[in-house]
Amino acid sequence: MREIRLHDTLSGTLRPLEPREPGRVSIYACGPTVYSRIHVGNARPYVVFSLLKRFLEHEGYAATLVINVTDVNDKIYAAAAIAGLPSEQLAREMTAAYVADTDGLGLGRPDHEPLATETVGPIVALIEALLERGHAYAADGDVYFRVRSFEPYGKLSNRALADMEQGEDDVSTAGVKESPHDFALWKASKPGEDTAWDAPWGRGRPGWHIECSAMAEELLGLDFEIHGGGSDLVFPHHENEIAQTEAARGAPLARLWMHNGIVRLDQEKMSKSVGNISQLGEALERFGRDALVTYLASGHYRRPLAFSEELLAEAGRAVDRVRELCLRLDSAAPEPEALGPYAERFFAALAEDFNTPAARAALFDWVAEANRRLDAGERLGVGGLEAMLHCLGIEHLLDETRRGGPAGKDEHAPSRGGAAAEPDERVGELLAAREAARAARDFATADLRRDEIAALGWDVRDTPKGAQLVPRR
């Protein structure tokens, strides 16, 4: 196994991955609060940590991925009231929608997807431990974490205590909390809240932060390898998770804290509350699974990612380049040794803070060299391409090669329309011009002719039997 280094938000440094048990890695990534359909920004951590698991498995690790679902929350109560539904029903429907939307990414499911409502027992036990240790206190049926009792509080976000507001309703809790910095572990039932459980300090439901501490510990234990999520969760959510677990257990929750950058639309965080969202289901329908997954992995995971149709179209063109190469490969042929270093560069880039842009550059160098050799008359096999595509979530592009021809319609691809049943004379002329340019090794002109063909509703597929026209999907 090669050394894998990841950026740890807690230390602010690149740190080597050091498993508790040799050969095993556990990842916990915070999932959605299911009060509405998820948007593309919510999908970024799902993609990042699903692909990270694939890479770790390629490197020989037995990797376990947990992505939770927060299905009891103030936002769910509010949304259910507006919809005129019981909160449990809304949460159940939105959880099913979340599963369906993320299924559309074609990356498989996490190993565990715990629900907060199914983890109330461990949550209550964790709160009891905090009360016993003096790190929490009950007040009017609520239970709060006593922030000043945990001296390292703020070590993840590196904020001064005076600058840390919990974002809770300080008006309704004025005179109840010992300090405005304290945060809720348990909230007493209020009028209109129709989901509640009995606890030693009164009937109510968990606070948001304690849910993840309990779910992570229940499934993965303490001191597991990677805790992840969006950078917007560093404070207060992950800061509070660290405080709760370390105060109650005297041991760290996770060894590495890994945060992906948020998706921005018009320079603002994509957010349901702001309203500047593109729902994942709609984006899958418009742009297709391959383009969307490729787009979400196009930037370094730690950097913010701009959302635009231009970037999605660029991702689609990148996928087309790989698909066209796949159609030219011969699954029975060997891979030349000269292509091996590109694959090595690819995996070395992922081992250095999961650098997908550098890995993609190595992949497209592989593609360019393979095309050059194919143009020179060589027969090339799949070789290391399959493992690279698997780590980027688009390995199914090779299915066409294995079937010996173009694949059928991708159920996740966008509907582009506009192509006739048969290409017209103009398309045929452009194809002939494209092939003449390729023969003359004028690849810039060949690409221009291909784009003109695409504008008329046809894709060009380069296969071992020559160029073929396929209606654009």
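The buried residues of helix α7 are covered by elements that include α1, α3 (87–103), α8 (289–296) and α9 (309–328), where contact means heavy atoms within 4.5 Å. The model is a predicted one, in which local features need pLDDT of at least 70 and side-chain atom pairs count only at pLDDT 80 or more, while totals for chains, interfaces and linings use all residues. Residues are numbered from 1 along each chain as its sequence is written, and side-chain values use heavy atoms, with hydrogens and water left out.

**Helix α7**

Helix α7 spans residues 280–287, and within it L280, A283, L284 and F287 are buried; buried means under 20% relative accessible area, exposed means over 50%, and partly exposed lies in between (1.4 Å probe, protein chains only). An α-helix has 3.6 residues a turn, so residues three or four places apart point the same way. After α7 comes G288, whose phi is positive, near 90°. Helices (H or I, at least four residues) and strands (E, at least two) are DSSP runs, numbered from the N terminus.

**Salt bridges**

Side chains of opposite charge can pair when their charged atoms come close. Across the whole structure a search finds 34 salt bridges, a salt bridge being a side-chain nitrogen of Lys or Arg within 4 Å of a carboxyl oxygen of Asp or Glu.

| Pair | N to O distance |
|---|---|
| E59 and R2 | 2.7 Å |
| R249 and E217 | 3.0 Å |
| E452 and R449 | 2.4 Å |

The salt bridge between E59 and R2 links distant parts of the chain, with E59 in the loop between α1 (40–58) and β4 (62–67) and R2 in the segment before β1 (5–8), 57 residues apart. E59 is buried, at a relative accessible area of 8%, whereas R2 is partly exposed, at 26%.

In the salt bridge of R249 with E217, distant parts of the chain are again linked, R249 lying in helix α6 (residues 234–249) and E217 in helix α5 (residues 208–220), 32 residues apart. R249 is partly exposed, with a relative accessible area of 30%.

E452 and R449, by contrast, both lie in helix α15 (residues 443–455), 3 residues apart, about one turn of the helix. E452 counts as partly exposed, at 29% relative accessibility.

Finally, a network of salt bridges links D74, K187, E193 and R205.
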